[in-house]
Amino acid sequence: MKPTTRRTLAAVVTGVAAAVGVTATPAAASARAIPVPVPLEGAETALGMELPEVAGELPVPTAGAPEGPRYVEGRLLPERTLPQLPVRGGLPGLDLRQPVPHVLGDDFDHAGVDAPAAELRTLAPGLSLDAPLTAPNPGALGLPAPKLPEAGLLAPALQTVPVADLGVGPGL
């Protein structure tokens, strides 16, 4: 294949990958949290007063692929007999706008809280076991020797960085 043909093919593949990436990104981002609006407009009209505006976001948890067991020399069972399952999701989000009766002065008639859905990564607990026998010993005619069994619990993990913004101002 000629170098110009390779370059042209690489440019086409890069362009297609960029186009697919641009169209796939909003769909992937929108699938992580589902917006939940709270309709209060009817009650606002019926009561004749300004009610808070409330909206939320519910995260959609997705399970990942667990790391496979790792075989270690000298053990009969793999290192992670029951692997940890990674789950990605998020903390629920909240968007709240509340009217306040000019408590802080004439310029401050609304208070707002914006807490977007935060990314949450977790690992389920796992288990690591080892049999009560050693690996076959060539010095003992290939027979394994007895030993104490081993059991270990892989601790669960939780990682997130929640954020929230609180603001007051005119007509937030």
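Reader: Which strand pairs with β5, and over how many bridges?

Author: Strand β2 (residues 53-59) pairs with β5 in the antiparallel sense, over 5 bridges. Two strands count as paired if DSSP finds at least two bridges between them. Strands here are DSSP runs of E with at least two residues, and helices are runs of H or I with at least four, numbered from the N terminus.

Reader: Before I go on, what kind of model is this?

Author: This is a predicted model, where local features need pLDDT of at least 70 and side-chain atom pairs count only at pLDDT 80 or more, while totals for chains, interfaces and linings use all residues. Residues are numbered from 1 along each chain as its sequence is written, and side-chain values use heavy atoms, with hydrogens and water left out.

Reader: What else does β5 join to?

Author: β5 (residues 93-99) is joined to β6 (residues 110-115) by 6 bridges, and these strands run antiparallel. L94 stands opposite A115, and D95 stands opposite D114.

Reader: And which strand pairs with β6 over 5 bridges?

Author: That is β11 (residues 165-169), again in the antiparallel sense. In that pair, G112 faces G167 in β11.

Reader: What holds paired strands together in general?

Author: Strands of a sheet pair through backbone hydrogen bonds, either parallel or antiparallel.

Reader: What is the order of strands in the open sheet?

Author: The order is β3-β4-β7-β10, 4 strands with antiparallel pairing. β3 and β10 (157-160) are at the edges with a single partner strand each, so one side of each has no neighbour in the sheet.

Reader: How many bridges join β3 to β4?

Author: 2 bridges, with the strands running antiparallel. A63 stands opposite V87 in β4.

Reader: What about L158, buried or exposed?

Author: L158, in strand β10, is exposed, with a relative accessible area of 64%. Exposed means over 50% relative accessible area, buried under 20%, and partly exposed in between, with a 1.4 Å probe and protein chains only.

Reader: What does L158 contact?

Author: Leaving aside neighbours within four places in sequence, L158 is in contact with L120, R121 and T122. Contact means heavy atoms within 4.5 Å. As for V87, L158 is 71 residues from it in sequence and 9.7 Å from it in space, C-alpha to C-alpha.

Reader: Changing topic: where is Q84?

Author: Q84 is in the loop between β3 (62-63) and β4. Its relative accessibility is 16%, so Q84 counts as buried.

Reader: Which backbone oxygens does the Q84 side chain reach?

Author: The Q84 side chain reaches the backbone oxygen of A155 at 2.8 Å and the backbone oxygen of A124 at 3.3 Å. Such a polar contact is a pair of N or O atoms within 3.5 Å; within protein, one must be able to donate a hydrogen and the other to accept it, and residues adjacent in sequence count only if both atoms are side-chain atoms.

Reader: What else does Q84 touch?

Author: Not counting residues up to four places away in sequence, Q84 touches P66, E67, L123, A124, P125, G126, L154, A155 and P156.

Reader: And R80, buried or exposed?

Author: R80 is buried, with a relative accessible area of 16%. R80 also sits in the loop between β3 and β4. With residues up to four places away in sequence not counted, R80 touches E67, P69, R70, L127, S128 and L154.

Reader: Where is L141, and what is its phi?

Author: L141 is in the loop between β8 (126-130) and β9 (150-154). Its phi is positive, about 60°, although L141 is not a glycine. At 81% relative accessibility, L141 counts as exposed.

Reader: Last topic. How much space lies in the largest pocket?

Author: About 160 Å³. A pocket is an open set of points on a 1 Å grid over the protein atoms alone, where a 1.4 Å probe fits, with protein on both sides within 12 Å along at least five of seven lines; lining residues have an atom within 4 Å of a point. Points are joined across faces, edges and corners, and the volume is the space filled by probe spheres set on them.

Reader: Which residues line the largest pocket?

Author: The lining is R32, A33, P59, V60, T62, R88, G89, G90, A117, A118 and E119. β4 (86-91) and β7 (118-123) are the elements that give two or more residues to the lining, and β4 gives the most, with 3 residues.
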